[in-house]
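Please look over the sequence and the model shown here before reading on.

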Number of protein chains: 2
Amino acid sequence: MAIGFSFQWLFLLCLVSSVPFSLSRITPRFPSSLISPEKVSVSTTTKLYKTSYFTQTLDHFNFLPQSYQTFQQRYLINDTFWGGAKTKAPIFVYTGNEGEIEWFAQNTGFMFETAPHFKALLVFLEHRFYGKSIPFGGDKEVAYSNTSTLGYLSSTQALADYATLIIDLKNNISAVDSPVVVFGGSYGGMLAAWFRLKYPHVAIGALASSSPILGFENLTSPYSFNNIVTQDFKSESENCYQVIKDSWQQIEDTAKTSKGINLLRKSFNLCKNYEYIGDYLESWLSTAFVYTAMTDYPTPSNFLNPLPAYPVKQMCKAIDNPKSGRNSNTFEKLYGAANIYYNYSGTATCFDLEDNSDPHGLSEWSWQACTEIILPTGGSTNQSIFPAYEWHYSDRASSCQRAFGIHPRRTWITTHFGGFGIERVLKRFGSNIIFFNGLRDPWSGGGVLKNISETIVAIVAKEGAHHVDLRFSTKEDPEWLKEVRKQEVRIIEGWISQYYHDLAHLSF
Amino acid sequence: MAIGFSFQWLFLLCLVSSVPFSLSRITPRFPSSLISPEKVSVSTTTKLYKTSYFTQTLDHFNFLPQSYQTFQQRYLINDTFWGGAKTKAPIFVYTGNEGEIEWFAQNTGFMFETAPHFKALLVFLEHRFYGKSIPFGGDKEVAYSNTSTLGYLSSTQALADYATLIIDLKNNISAVDSPVVVFGGSYGGMLAAWFRLKYPHVAIGALASSSPILGFENLTSPYSFNNIVTQDFKSESENCYQVIKDSWQQIEDTAKTSKGINLLRKSFNLCKNYEYIGDYLESWLSTAFVYTAMTDYPTPSNFLNPLPAYPVKQMCKAIDNPKSGRNSNTFEKLYGAANIYYNYSGTATCFDLEDNSDPHGLSEWSWQACTEIILPTGGSTNQSIFPAYEWHYSDRASSCQRAFGIHPRRTWITTHFGGFGIERVLKRFGSNIIFFNGLRDPWSGGGVLKNISETIVAIVAKEGAHHVDLRFSTKEDPEWLKEVRKQEVRIIEGWISQYYHDLAHLSF
């Protein structure tokens, strides 16, 4: 099977496709792109927060003439529940990921739902180079145009942005003594954890949800991600797993003849012909499987498209008990499964494998995945639900070279943020971090799954998917999920009361 | 007295003098410029270490085309005492300050003297833009020429250099499991403490000697520095203090006439005439008092010039019991005191107030003091041994504007490294830092003088001066100094044995 490259696309399809600055729908950006606006409709979001802008420094770490340039960083703020500066009421800050901050705010119900209890001010910080926080005059065309401008997009600059903005905001509202707790999911969770580690003087604690801070080379197997996807489907049905596993070769064989291409186009109800239909179709299907595994939530949700509760189970039902009956062929079964992900609302008339829409502004993740956030996820073993594929760093490096003309800094993240021997390093250093992971989430393989110390703790939900804890609650939420959120609230309460105690009793 | 500007020269004379890139001898760079090569002569230094170079990234935090440029970073290494990688023997790393690393190595006897006991590998890292670690092809003329090149000189880049180099070195010598302890004095001590806080996965602990990490605006009074100098002289003799305090007005009055200028030239044995002799002379004298206070060591030492043991006491003796007899005038007394600092060897034939020699390559400190390391030290109260002077940030800002055409980033250091509420922040976060301070040291006002937690501890020596603990021991060392060093060794032993225990018992 010549589909080597099509299965290392995770985070990278847009590079492989030689259209570096565009984004395909089938590019599974970063996990965070998966949190879903569930209960918050556009009509209600206007009440969720006010929008503000902060004049941010372009380059915190150098003092070159251009370092002093500034840009407008967007942040959202909600003071409905805040107890105010006088009572030193807490400030909950979301450390924005790689997309529009409004989308993350609308999908982080946990903060809104716990704010009344904590009397917390809510602040959502947008990550530089995303949404409306675009350097170089706010012009994406300029900012994204080449490495001389995009080069300022980095996690360390983003963290320094957050520290600078939070300190300034606290001064402006005379809330210097209000404790700050940071929250984030996925890449935003990595940023939350790293923020607590690098800026303990700014945030007293972090809830880092589904943050694969150990998902880097030589820390987590590059096969872990697809192993978990595989396990998710296998756990529903062995037949489901086997049908999907066997399908790739069939697609490829079928795509070799024009008759076969027609068959594929018809079977999958595609809007048009594709030159490399096999590769496109495999990416389109595998994207559906991966995204569905990540968002295998216990209640109906809505990411890019609506999904039912337990969508992996639903996909496997579509494969095991196809609507077209017992004699359905593989393509009919797969099409039924794909419809769960791509057409649960039932409104699609045909499918476009090249849909490049990017409603949440996630495109620049490719740059981050090519410079520093080198998360190896593309490897597949012989037992994988996907075709076997050996992960090589060199493949990523050459994709990035082609796309941006740059070399990834292969070891920078672990140099700067650590990861190796994390239990040894953090058992006696640092405090107040919750690492939540759901084991259905393919990213959980790179997460912190064991307690490190009394105050750096892991909450692991066997049945959980990607940052399910941060989502708005629903009446249908299972008990384990309610319990996870309660536990998180209890821990954060502990941080805050410890903080007030220390503030009153420590002298310098 | 119109000497306002001449008493805010601390760190800044070279700016005031409008020769931004030159360095006057009377510029008291940073405290670290004061550690003195005492026992190590040039002839023996060849045995102290081997010199190596590391290809270092110019800009760790951005991914611009120019960020990928590299330079050769110098480091010194001594494996004489090392127990080797197999036994996971420790690595002691000096986090170099603002000057030639050889000079710091030759003046950090504590590391050489404790290495045999710990079986430690010794490594001394040179700070970028100093010594031979010059970006832009190693050419100081290019690197120092303007803000477009000098802009890469920053503490955060230096710390990232250190992390990158240490990790690479450990990999290269297969010593990944060897614990690293970092050491530093003065600015190097600040870097050591910050390194432990930002890179706990690289260093298990830090000995930060005489590091004024709290010496920033709104954390430490800008009058603290001169208050301590004042107290040092007062503690020796009230008369000594008073003579010096009263002298400034006399110098200024005398400098108003040409007869007076001649008198000053003769009284202070100056090699030539100066247009603004009053200002120059006051700077020359105050430099002597400040440096002598900082290096008020209990044994003979040798900084830029040789000094006797307890040099403040010797200066006050020269004032209280002048050689020229009881009827000596103020200038004769001051000249006697100045001779302690400038001519203890007795070889000077006359004095040059404008000596611009910079044997240890400290010139670029001015840049750091104008960009981020804004340590306010120039204020003097009415009780000060120096003329009263109100410290204003705006004075520093306009000096820097004149000198480099840049604005200082006034709050960046505390934004990035913290400082406010340090006890509250670090009591339950971080571990394994020793803050040593000697209370005779004017910089001790910005130091951590109280224990923060069980493992972040302050060692305070009432009789101590600037990082006296790091100096080579002598037979004449007082008991308190021996005890300080013993205590430091005991604490470091504890870190290392805890590390080995954790390495053996922790699983991830």
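This is a predicted model: local features need pLDDT of at least 70, side-chain atom pairs count only at pLDDT 80 or more; totals for chains, interfaces and linings use all residues.

Residues are numbered from 1 along each chain as its sequence is written, chains are lettered from A in the order in which they are written, and side-chain values use heavy atoms, with hydrogens and water left out.

In chain A, the domain assignment (automatic or from a database) gives domain 1, covering 50-217 + 412-506, and domain 2, covering 223-343. Their centres, taken over C-alpha atoms, lie 34 Å apart, and their contact (heavy atoms within 4.5 Å) takes 19 residues from domain 1 and 18 residues from domain 2. The area buried between these two domains of chain A, that is, the accessible area (1.4 Å probe) lost on putting them together, summed over both, is about 1,400 Å², with 59% from carbon and sulfur atoms. Of the area that domain 1 buries against domain 2, Arg440(A), Pro442(A) and Arg471(A) supply 47%, more than any other three residues.

Across this interface the rule finds three salt bridges, each a side-chain nitrogen of Lys or Arg within 4 Å of a carboxyl oxygen of Asp or Glu. Arg440(A) also forms a salt bridge with Asp296(A), the closest N and O atoms being 2.8 Å apart.

In chain B, helix H19 (residues 479-505) has 27 residues, which at 1.5 Å a residue should span 39 Å, and its end C-alpha atoms are 39 Å apart, which agrees; helices here are DSSP runs (H or I) of at least four residues, numbered from the N terminus, and the expected span is 1.5 Å times one less than the number of residues. Buried residues (under 20% relative accessible area, 1.4 Å probe, protein chains only) in H19(B) include Trp480(B), Val484(B), Glu488(B) and Ile492(B).

How values were computed
Helices (H or I, at least four residues) and strands (E, at least two) are DSSP runs, numbered from the N terminus. Buried means under 20% relative accessible area, exposed over 50%, partly exposed in between (1.4 Å probe, protein chains only).
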